[in-house]
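Dear colleague,

Please find the structure below, followed by some notes on what was found in it.

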Amino acid sequence: MDELAPNAAVFGIPHLRIDGRAKVTGQALYPSDEAVPNPAYAFLLTSAIAKGRIKRFDLHEARTLPGVLDILTHDNIGGDAKPLVQQAGGKATTTLESNQIWHDGQVIGVVVADTYESAREAAYRVRVHYEKEAPAATFGSKGTTEEIREPGEHEDFHIGDADSAFAAAEIRIDAWYGTPTQHHNPIELFTTTCAWNDGQLTIWEPSQFVYGLRANVARQLGIAPEQVRVISKFIGGAFGSKGSATARTAWIAIASRRMNRPIKLVVTRDQGFTVATYRAETRHHIQIGATRAGKLTALRHKGWEVTSRPSTYNVSGTETTARMYGCPNILTKVNIVHADRNTPGFMRAPPDTPYMFPLESAMDELASALGMDPIELRRINDTPVDPATGRRFSSRHLMECFDVGAARFGWQARDPVPGSMKDGDWLIGWGCASAAYPANIATCTARVVLHGEGHARVEIAGHDIGTGAYTVAAMAAAERLGLPVEKIMVHMGDTDLPPASLAAGSSHTASIAHAIVKACDELRGRLIQAAITSNDGPLAGRAADSINLGNGQLLSRDGAHETVADAVKRLTGGALEAYAENIPKGLNQDTVGKLYQGQLPISRGIGREDVTAYAFGAQFVEVRVHRRTCEIRVPRMLGTFASGTIVNPLTAHSQYIGGMIWGLGAALLEKTEIDERFARYVNDNIAEYYIPVSADICKAEAIMLPEHDRDVNPLGIKGIGEIGIVGVNGAIANAVFHATGRRVRELPIRIENLLCPDRAQ
Amino acid sequence: MDVNLTVNGSVHHLTIDVRMALLDVLRERLGLTGTKKGCDQGQCGACTVLIDGRRVLSCLVLAAAVEGGVTTIEGLSGEGAPLHPMQDAFLQCDAFQCGYCTPGQILSAIACVTEGHAGSEHEIREYMSGNLCRCAAYPNIVKAILQAKAKMQATAEDV
């Protein structure tokens, strides 16, 4: 797909969610809402220690409770499932496969009972006898091991001579930064419902990748993927946490098979902290060298990330920080620190959120050291080519974002002197930062069925995790078939449908839209061909390229027209159907087969041969810090983003501000506290793990800069789900510095970090 | 034990485990899955229902102890019927993304208005802070409540 015919101009027009009515009436069925006949209920047993072995279970008391049906442990079913394969990082921790304990809260058993209440009570009455060892919790804990991350999935950069250039630089910034452990905490809990029917397993589970989950569970159970169906029509928030299969699913499937009865599991909120993934804590050493005029001469960025004992999972956001600014000497290195913890995983803008915070803070420190406006510093170091590879960016409107954003924010009124802007007892700080996220697109398939009555059905195993994917899919079909969006039905989230890729990495809109458009264009071609070659139709004899589709019509340039419904009827009294596979530029034909097998063939904006493809943005925030209490408030946030074609500005705006508010949470609130003695999460609930609430949020605005990028992909679509969060951490830290003169390099920034400028002086 | 539970105007005679929370009875026994489980410990607000018009966290109420009529999201408007002004405002303002917290938000928002706690954006933010939205649709939720409030008050005056 290189060229596209004129379209019906549906893209770019705000459209209400087509699944909105279902969501506001309670009719949207999330996986745990799906009814199954006569279910039994499961409750997970989790480890109370972080390292060691299970000596034995004492199940007697639990088993004697009324309603208890089965208790699964490594003793009775440990060999029934192969270990899980995680999306990244190689080996993962195990669960019931052995008696080994890798981390606190590890799944070690499943209790099944007639009711949820009985299963829960029985789980509380299981006694576990352990052989304990002293665990290592995090950075600095005794017993952790460190290794340099090998190139492979991620790479390090060694460009020029950063060491010498830094040593010789006129101005140097040399600082350490840290970001904390964070948990996704979608409001929907992790749930799994399994049922068997004639050797066929159906799994209802919220998933960002139904084909991936299917393949993983089939592999674990040693059955064919075709024997497994995964259904996930609505997902109650994911943010990365529902992308990778987790160990729970196979055990619930096995429990259901043993009992020949459907089983429902709803993992508790606290268990969710350890049975799924999280964003690991990171440490950074940044060294920037610059001339007195502000031109960067050296950038060294070293990162450290925590992971579990067996996994090498890491996010390596240096792949973005090395590309932000023109610099002739760049050195990056990422280190992995193994601890007795569960394996981390993808969480909103996985690499860029923790790695851009130190870079964008350091750039602000440099601007401050130079006495230069931070936007001007970024302008001086803007670059049309990717400094890491020398390839050009497919498009890069970073400075346009800054200029539009600065005008809207009123940046010119900013007094650069820290602590100089006040409103009564409130110190006002204005901060900004760059945002960037790679433009990714995956191989994807879709089927479109066009009916004679002039409506269509899109079938694609895509995933709407709140992004508005249902609506985007309908808009893509409407755009190409010339039908109103209301005439398009969309079916998603089911492995009985053609496979779509993982809904993550800001790739899903681009991936599904291209596959749907390709299927629609095949139908379009057939309609047009039949219309112009008919003997008596109104469009007979016209040239194919003179026909466009819009407003439910086939329209010829000379004004002749025919309804889409009539054009379909010429070909069939029933329906026309097209199935399409879209393979993004740079990927091989075999990626479609891989997708069917639940693998993820993706073209990454940082891994392309032709261009480097990123979305860019500029983030502005105002903070107010109370002079005496040091309470921090954020009265307004503004993000300006250039992310290519915006399919639905309504849902795009919601995603952008949602990302920005995530940034506020990360900068000021969120941290999973770890008890180092036990390598245990302490605040494993959403009253004590602070996520933003309504009272935390005032004004949040996103501006979408028009951007036409035909190099990124034929429809010019970049991602929007991740970039909203990326610049916020830095912008808030920079604003806090501007308000108070305090540079906080460790997130989250809380009252105790600022208590209290007045007292300190 | 045997209980009579009035939900959305219908009386249900049920034999339940005394340990059952109202939330689990609604979801697992009555098939009213619009009420969501987000934490099961009164922290997130996803399970909010109305009992005699007051907002209540159904995960913290034993079903056996319910006194009064329960209204869930399914009780606000029938299939094909016009939406409640609050549902419509949430839809029009894109006041949700994943939609999981939405039934609880909508019921809480209706009570926020009827309690008289929707006087200003600031007041709405304060009185809606018991309903967490991880997608962070908060600015649009506040907008929707202001929009619905006007319609709810106009309807009330008509009556």
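In chain A, strands β20(A) and β21(A) form a hairpin with four residues between them, and Gly454(A), in the turn, has a positive phi of about 85 degrees. Helices (H or I, at least four residues) and strands (E, at least two) are DSSP runs, numbered from the N terminus. This is a predicted model, in which local features need pLDDT of at least 70, side-chain atom pairs count only at pLDDT 80 or more, and totals for chains, interfaces and linings use all residues. Residues are numbered from 1 along each chain as its sequence is written, while chains are lettered from A and ligands numbered from 1 in the order in which they are written.

Arg447(A) stands opposite Glu459(A) in β21(A), and its bridge partner in β26(A) is Tyr579(A).

Turning to the contact between the chains, 47 residues come from chain A and 48 residues from chain B, two residues being in contact if their C-beta atoms, placed from the backbone, lie within 7 Å. On the side of chain A that touches chain B, the largest share, seven residues, comes from α17(A).

Helix α17(A) (residues 649-668) has end C-alpha atoms 28 Å apart, which agrees with the 28 Å that its 20 residues should span at 1.5 Å a residue, the expected span being 1.5 Å times one less than the number of residues.

Best wishes

Key:
Two strands pair if DSSP finds at least two bridges between them.
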